[in-house]
Amino acid sequence: MMAVGLQFFHLPPEEKEKLYSDEPSKKIRLSTSFNIRKETVHNWRDYLRLHCHPMEEYLPEWPSNPESFKEIVSAYCREVRLLGLRLLGMISLSLGLEQDYLEKALGEQEQHMAVNYYPQCPEPELTYGLPKHTDPNALTILLQDPNVAGLQVLTGGDQWIAVNPRPNALVVNLGDQLQALSNGAYKSVWHRAVVNAAQERMSVASFLCPCNSAVISPAAGLVRDGEAAVYRSYTYDEYYKKFWSRNLDQEHCLELFRNDRLQ
Ligand code: OGA
Ligand code: NI
């Protein structure tokens, strides 16, 4: 997966530019930074964003250069989905919910992938690969470059710590929707990616996303008697539009959906 991703980003610009778009709703696009329509300062990242489920619907549009791209990436996506659904089952149990609770609450889940490419950067202290953000989806499974570190997470004590790559390991990140569904029991962690002066870096992020029409609402069993749920109900469609209408580096998007927020 890593090798074919890197081969893609090493293609000549004329080959890649056919896929370029800054429109977040496109099902396949190559872009740069995070959301160049909204941000005033750009980041040192290029990314290929693909919708991956249902696979048959999207596969024909995927790059056929490198030649092995479709075969390798589709096999990877299928495996990641199975892993993600297993994890959702275990997360449900860990909250004292039925094993299939989250899978049902999220509806027929979409799956997106960001193949991230962070070129070698001459002045890494002046930029980020990705600035501080939380993931707007339900669950993220991240495959990191085995040789180059870059991912950092913010701890409760307001310190950034490096999540260095480990051989054959994936990083699992809970997104905003699991924070909402768990009524705040699980936190969608702030994270960012820094860049490197000596080496390029890659990562592959797979996002399990609620179905657009899914109504996200804290699980009733997790709201204490007599108390209001932390977050109001909303559809994922509403959340996703809000997320992409902002710049990163602002307050947690979920804060806008708190029940106790003053309008
Ligand atoms: C992301 C992300 C981190 C990384 O794609 O949302 O946080 O290490 N990526 O590339
Ligand atoms: Ni992220």
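Tutor: The UniProt annotation "domain: Fe2OG dioxygenase", which comes from an unreviewed entry, covers residues 109-210; UniProt positions are given in the numbering used here, feature names are shortened, and annotations may be inferred rather than shown by experiment. This is a predicted model, in which local features need pLDDT of at least 70, side-chain atom pairs count only at pLDDT 80 or more, and totals for chains, interfaces and linings use all residues. Residues are numbered from 1 along each chain as its sequence is written, chains are lettered from A and ligands numbered from 1 in the order in which they are written, and side-chain values use heavy atoms, with hydrogens and water left out.

The end C-alpha atoms of residues 109-210 lie 5 Å apart, and the span is 6% helix and 42% strand (helices, H or I, of at least four residues and strands, E, of at least two are DSSP runs, numbered from the N terminus). In strand β5 (residues 139-144), 6 of the 6 residues are buried, so the strand is largely enclosed by the rest of the structure; buried means under 20% relative accessible area, exposed over 50%, and partly exposed in between, with a 1.4 Å probe and protein chains only. Both faces are covered, with Leu139, Ile141 and Leu143 buried on one side and Thr140, Leu142 and Gln144 buried on the other.

Strand β5 pairs with strand β8 (residues 170-174) in the antiparallel sense over 5 bridges, where two strands pair if DSSP finds at least two bridges between them, and the bridge partner of Ile141 in β8 is Val172. Strand β5 also pairs in the antiparallel sense with strand β10 (residues 201-209), over 6 bridges, and there Gln144 has Ser203 as its bridge partner.
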